[in-house]
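Reader: Before I use the terms for this chain, I would like to see what each label rests on. Please set values against cut-offs.

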Amino acid sequence: MGENKKPVGGVWPTVKPFVNGGASGMLATCVIQPIDMVKVRIQLGQGSAGQVTRNMLKAEGFGAFYKGLSAGLLRQATYTTARLGTFKILTAKAIEANDGKPLPLYQKALCGLTAGAIGASVGSPADLALIRMQADATLPVAQRRNYTNAFHALYRIVADEGVLALWKGAGPTVVRAMALNMGMLASYDQSVEFFKDSLGFGEAATVLGASSVSGFFASACSLPFDYVKTQIQKMQPDAQGKYPYTGSFDCAMKTLKSGGPFKFYTGFPVYCVRIAPHVMMTWIFLNQIQKLEKSAGL
């Protein structure tokens, strides 16, 4: 009987939101990885989505779309585990401090900003490995790093460039993650309340609608920061050992001067197609995982 089910104690209630967040993010990544690969190639100036897809299939084969998957999964296991787990804990504490009442949007946004910063700091090494593995095939043969998997990439980065190199580009990564998670996390919680309480939607429609809204705001808020982050992480020194950008602000200013504000939205359709479904699938997988745990009494 239901009365005989004992609540799960120990460390599980504390680690549960982190485990759930990481698992949902990794499942979503397995589906979205090919689109992410095309997005990176577009930002590196290889043409439109159609051109990049055709060139990749012709020159590298279907497996090229899953190049960097190990780094992508490692990134979700660190970044998404930390950000979703942290957001759940922060919002729970904030609701408790608010006498159990729903949080206003600005408080949810602050929780999202904080969770994004923590998650990005933890996941930055895996993110760097992912970007380099995806961009490797676009470099001249002599400059290719030829990483075999995420752990090989991390080992080589430490061996060749030092431990601190794992956080190269961490500044723009953290800022981008704060923008993305502010849009993603706050809008999802707010949308769930609106669809469920104001419109009377059922569970499935609420999750689908709220995750769609969440995906859109995550994309719109984060692409300019993602563009700068990608440029910083993929840059290589010239013959004199000088890098094209001294930092993220320098990259942003040079990009603005050379291409105008819309340059930051290079590849926006593909980015939106990649980010929004990943966000949606993360929330949908998370919802299903929570339902399974509930049915199992966890």
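Labels and their cut-offs

Author: Over residues 12-93 the chain is 83% helix and 0% strand, with the end C-alpha atoms 17 Å apart. Helices (H or I, at least four residues) and strands (E, at least two) are DSSP runs, numbered from the N terminus. This is a predicted model, in which local features need pLDDT of at least 70 and side-chain atom pairs count only at pLDDT 80 or more, while totals for chains, interfaces and linings use all residues. Residues are numbered from 1 along each chain as its sequence is written, and side-chain values use heavy atoms, with hydrogens and water left out.

Reader: Where does UniProt place the feature "repeat: Solcar"?

Author: The unreviewed UniProt entry places it at residues 12-93, 103-194 and 202-292. UniProt positions are given in the numbering used here, feature names are shortened, and annotations may be inferred rather than shown by experiment. The span 103-194 is 74% helix and 0% strand, and its end C-alpha atoms lie 13 Å apart.

Reader: Why is D127 called buried?

Author: Buried means under 20% relative accessible area, exposed over 50%, and partly exposed in between (1.4 Å probe, protein chains only). D127 has a relative accessible area of 4%, so it is buried. D127 lies in helix 4 (residues 105-135). Leaving aside neighbours within four places in sequence, D127 is in contact (heavy atoms within 4.5 Å) with R75, T173, K229 and Q233.

Reader: What makes P277 partly exposed?

Author: The relative accessible area of P277 is 21%, and therefore P277 counts as partly exposed. P277 is found in helix 9 (residues 268-295).

Reader: Why is C30 called partly exposed?

Author: C30 is at 35% relative accessibility, and so C30 counts as partly exposed.

Reader: Why does V15 count as partly exposed?

Author: V15 counts as partly exposed because its relative accessibility is 33%. V15 is found in helix 1 (residues 12-43).
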